[in-house]
Amino acid sequence: MFLRSVSYPMKLALSIMFGGRCEVCGEITALEFVCSSCLLRLPYVDERMRPWNRILQRFEGAIPICRAYSLCYYIKGQGSQRIVTSIKYRHAQALGEWAGTFIADDALSSGIFDGVDLLQPIPIHLLRLLKRTYNQSELIVRGIRKRTGIPIASLVRRRKYNVSQTKFHAMERRENVVGAFEGRRKAILKALDEKDRKGKEQLHIAIVDDVITTGSTIINCARAIMQAVPERADEICFTVISLAISGRSPIGAVTSEKLNLPDATVSNEDFQALQHRPLS
């Protein structure tokens, strides 16, 4: 790109005039947070819009699940990792809300949010909240709410301060979150009563996290909600939503070649159309 040959003062001036720097590549972008080139190269989950997909498979049989959605694969060294890391550890709170709006814009047409009553972010422990000052999952939920208008819930709290799971194996991750959550019975019963007033058979809760690895965190969060109201647990169902899911994409990164583009730089309008186009 020609911007690589532009002096830093000129880049700074352009950044002020036209936008900020891309959170992934560092180049100046007129778009918000991530440039079109990096958006196109994210390792999108190709089956994320399908009713039955590999995301849902991680949860089926463990919790009553209706739908599941993850925007992209979390792959080391790729843009998805940089975005998640910036949100989680580098205080990029505005980026977190942007990610939520991006998820909502991407998923709305597929019906992911149809019938959802509440958005429940994965809670973090009070001590971690005091240290980090924000909950990255709640940032994503705020962005989703901006687009959908679905209320944000606080149906569960984190009662166990877990050490970071970054270097844990699958079994260690599962054990680390056992008993980590506690459902707020009064809040859940209130939501169930509101469901009854609307004449709905089930309370539909969308649990939102930044990254799905084994799925154990979301499973334990959902179970804590049901265990808080055992007499009415069969009236609750869940949708799972995340920014990323661990694993390697079977199709690799989405590149300009796969999309038959002359280069990886496209307008925002072109990108919005291209991201929903079936991959060849």
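Predicted model: local features only at pLDDT ≥ 70, side-chain atom pairs only at ≥ 80, totals over all residues.
Colleague: What is found at the start of α7, and what just after it?

Modeller: At the start, a side-chain oxygen of Asn-135 comes to within 3.0 Å of the backbone nitrogen of Ser-137. Just after the helix, Gly-149 adopts a positive phi of about 75°.

Colleague: Which residues of α7 are buried, and against which elements do they pack?

Modeller: An α-helix has 3.6 residues a turn, so residues three or four places apart point the same way. In α7, the buried residues are Gln-136, Ser-137, Leu-139, Ile-140, Val-141, Gly-143 and Ile-144. The buried residues of α7 pack against the helices α4 (79–89), α5 (93–107) and α6 (126–132), and against the strands β2 (118–121), β5 (203–212) and β6 (236–246).

Colleague: How many cavities of 30 Å³ or more does the structure hold, and what lines the largest cavity?

Modeller: Rolling a probe the size of a water molecule over the atoms shows where empty space is left. The structure holds one cavity of 30 Å³ or more, and the largest cavity contains about 60 Å³ of space. Its lining includes Leu-42, Cys-72, Ser-80, Trp-98, Phe-102 and Leu-243. At least two lining residues come from each of β1 (65–74), α4, α5 and β6. By class, the lining comprises 10 nonpolar residues, one polar residue and no charged residues.

Methods:
Residues numbered from 1 in each chain as written. Heavy atoms only, no water. Buried < 20%, exposed > 50% of the residue type's maximum accessible area, 1.4 Å probe, protein only. Helix = DSSP H or I, 4+ residues; strand = E, 2+ residues; numbered from the N terminus. Contact = heavy atoms within 4.5 Å. Polar contact = N/O pair within 3.5 Å; in protein donor to acceptor, adjacent residues only side chain to side chain. 1 Å grid on protein atoms, 1.4 Å probe; cavity = no way out; pocket = protein on both sides within 12 Å on 5 of 7 lines; lining within 4 Å. Points joined across faces, edges and corners; volume = space filled by probe spheres on them. Nonpolar A, V, L, I, M, F, W, Y, C, P; charged D, E, K, R; others polar.
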